Amino acid sequence: MQPTISIPQHWAYPGFALDQRTEQGTILGLYYYPSGTELAEQFDEGWRYVLMPKKNSDEISYLQEAQIQPLTPEELFHQINAEIDFYQQQISILNRQLTVLTKGANNG
């Protein structure tokens with residue numbers, strides 16, 4: 001079963017999705033300031049996004065929808081390919097370590 005999120009009909013639909021990669025980072029969370037609330041009056045109504053600018057960082061940023069720029073398809077393609085290359089290198093290193101380990105076990 002796929003997890004689902006229900007958004008009240010009177011709210012605007014969010015422009016970005018969870019785990020979406022953007023120029024500002026990856027979207028980790030989102031929340032909404034509905035009209036007529038104190039937060040909406042103070043900070044404007046609408047969606048707010050929690051982003052992680054760098055994958056291996058504890059830094060988090062909070063941005064309004066208008067402050068976020070999506071990646072172009074080409075940027076997204078290159079970013080994902082770079083991540084695949086990185087993980088393939090990690091797998092190769094781990095496979096070599098396993099080979100050394102199993103050869104050592106067979107010689108002992």
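Leu 28 lies in strand 2, which covers residues 25-33; strands (E, at least two residues) and helices (H or I, at least four) are DSSP runs numbered from the N terminus. The model is predicted, so local features need pLDDT of at least 70 and side-chain atom pairs count only at pLDDT 80 or more, while totals for chains, interfaces and linings use all residues. Residues are numbered from 1 along each chain as its sequence is written, and side-chain values use heavy atoms, with hydrogens and water left out.

Leu 28 counts as partly exposed because its relative accessibility is 44%, where buried means under 20%, exposed over 50% and partly exposed in between (1.4 Å probe, protein chains only). Together with Ile 60 and Tyr 62, Leu 28 makes a nonpolar surface patch of about 300 Å². Such patches take residues with over 30% relative accessible area and no salt bridge, joining nonpolar side chains within 5 Å; a salt bridge is a side-chain nitrogen of Lys or Arg within 4 Å of a carboxyl oxygen of Asp or Glu.

The chain has two helices and four strands, in the order β-β-α-β-β-α along the sequence. Its C-alpha trace spans about 75 × 30 × 25 Å along the principal axes.

Of the 108 residues, 19% count as buried. The chain exposes about 8600 Å², of which carbon and sulfur atoms supply 55%, by the Shrake-Rupley method with a 1.4 Å probe.

Key:
Patch = residues over 30% accessible without salt bridge, like charges linked within 9 Å, V, L, I, M, F, W, Y side chains within 5 Å.
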